[in-house]
Amino acid sequence: MTHTPSVVLAGGGTAGHVSPLLAMAAAVEALDPSARITVVGTAEGLEARLVPAAGYELSLIPRVPMPRRPNLDALRFPFRYRSAIRQARELLAAVKADVVVGVGGYVSTPMYRAARAAGVPIVVHEANARAGLANKVGAKHAAVVGTAFEGTGLPGARLVGMPMRASIAHLDRAAAQPQARQAFGLDQSKPTLLVTGGSLGALSLNTALVAALDALLASGAQVLHVTGRGKAVTNADGTPLASPGYVQVEYVDGMESAYAAADLVMCRSGAGTVCELAAVGLPSVLVPLPIGNGEQRLNGEPLVKAGGALIVDDAALDGAWITSQVVPLLTDTARLNGMREAATAHGVRNAAETMAGLILGAAR
């Protein structure tokens, strides 16, 4: 390029939007260290914490959700939406944007509209199997549309995978396992089940695990339980549940260490999680979130079809199911190895780098 590229990345609200956005930002900088990165989000989303923590300054525009019923907000919406687009155009002009990259969320739609009006190329990345409204809007006029899953229905979409942190995308679980198990206080030789409901935890997973814990430990396995912030599992007297072979923590800063320690994981099937499990080759039992539009089941089905995961409805998950299904799997080395190989073959580890090349190409 003949000048320093100015790359604007927009989106947020959830970690599922922010994480791939930050992975793409890092990959763009690695590919072109001269690139100027501007991240745009709202003050209410997780980006307000995660973006500065990653070392980027966050530019804010108003959060303008579309009203779902006729009320005062519905009357105000057109004016607030136009104001958000105007602020977005002013921001693009101020940073002399060469490309706008959107990942979805409330902030993306006004950024897409502003970019189109200003003649700035648009790049869209859709992280979910079912595309969100903002990215449906952006994809209509995008120079590039990348997706983590097939079948999103977005025009001109190409399957690129899920951009993720290099520490996960290029994790060598076998090499990292001894140190990871030592750090968590786990036995080096026992089959290890990781159970996590994400940073906020999942009550149904926690409850089912506790009901099956005796059977898991009796099988010779051990459990690393990431309970979620504020969701520590306790005894009747309020003391933390403790047992030889059972380790619980509320939160893990850097899930690559937990992935390395485990032989099998039981977790929700958020888009980012599913793609990370495939990338690191970790067999999984997926328990889709039972609310929403069903996208978590859609996220998990390709990995299940590939042979790298099992899937169970949240309503069917209990101690008896874990005892009858997970315990035998955890102690079946041959079956776990087959699932590991299937997950690895399904995984995409270079999505962030691929998207960085497409972004800089659009900026030209």
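Predicted model: local features only at pLDDT ≥ 70, side-chain atom pairs only at ≥ 80, totals over all residues.
Residues are numbered from 1 along each chain as its sequence is written, and side-chain values use heavy atoms, with hydrogens and water left out.

**Nonpolar cores**

- The largest nonpolar core has 37 residues, and Leu194 and Tyr259 have the most contacts inside it.
- A nonpolar core here is a set of buried Ala, Val, Leu, Ile, Met, Phe, Trp, Tyr and Cys residues joined through side-chain atoms within 4.5 Å; buried means under 20% relative accessible area, exposed over 50%, and partly exposed in between (1.4 Å probe, protein chains only).
- Two or more residues each come from α6 (166-169), α7 (173-184), β9 (222-226), α9 (255-261), β11 (264-267) and α10 (271-280).
- Helices (H or I, at least four residues) and strands (E, at least two) are DSSP runs, numbered from the N terminus.
- α10 brings the largest share of this core, 7 residues.
- Another core, of 30 residues, lies apart from it, with Leu9, Ala23, Val51 and Val144 among them.
- As a rule, nonpolar side chains in soluble globular proteins tend to be buried together.

**Tyrosine 259 up close**

- Leaving aside residues up to four places away in sequence, tyrosine 259 touches Ile168, Leu171, Arg173, Leu194, Thr273, Glu276, Leu277, Val280 and Leu282 (contact means heavy atoms within 4.5 Å).

**The cavity**

- Searching the whole structure turns up 1 cavity of 30 Å³ or more, and the largest cavity holds about 40 Å³ of space.
- A cavity is a set of points, on a 1 Å grid over the protein atoms alone, where a 1.4 Å probe fits but cannot get out; lining residues have an atom within 4 Å of a point.
- Grid points are joined across faces, edges and corners, and a volume is the space filled by probe spheres set on the points.
- Its lining is made of Tyr112, Arg113, Arg116, Ile122, Val137, Gly138 and His141.
- α4 (108-118) and α5 (133-139) each supply at least two of the lining residues, and α4 gives the most, with 3 residues.

**Two single residues**

- Lysine 96 sits in the loop between α3 (72-95) and β4 (99-102), and is exposed, with a relative accessible area of 63%.
- Lysine 96 has a positive phi of about 55° although it's not a glycine.
- Most residues other than glycine have a negative phi.
- Threonine 354 belongs to helix α14 (residues 351-363) and is partly exposed, at 30% relative accessible area.

How values were computed: 1 Å grid on protein atoms, 1.4 Å probe; cavity = no way out; pocket = protein on both sides within 12 Å on 5 of 7 lines; lining within 4 Å.
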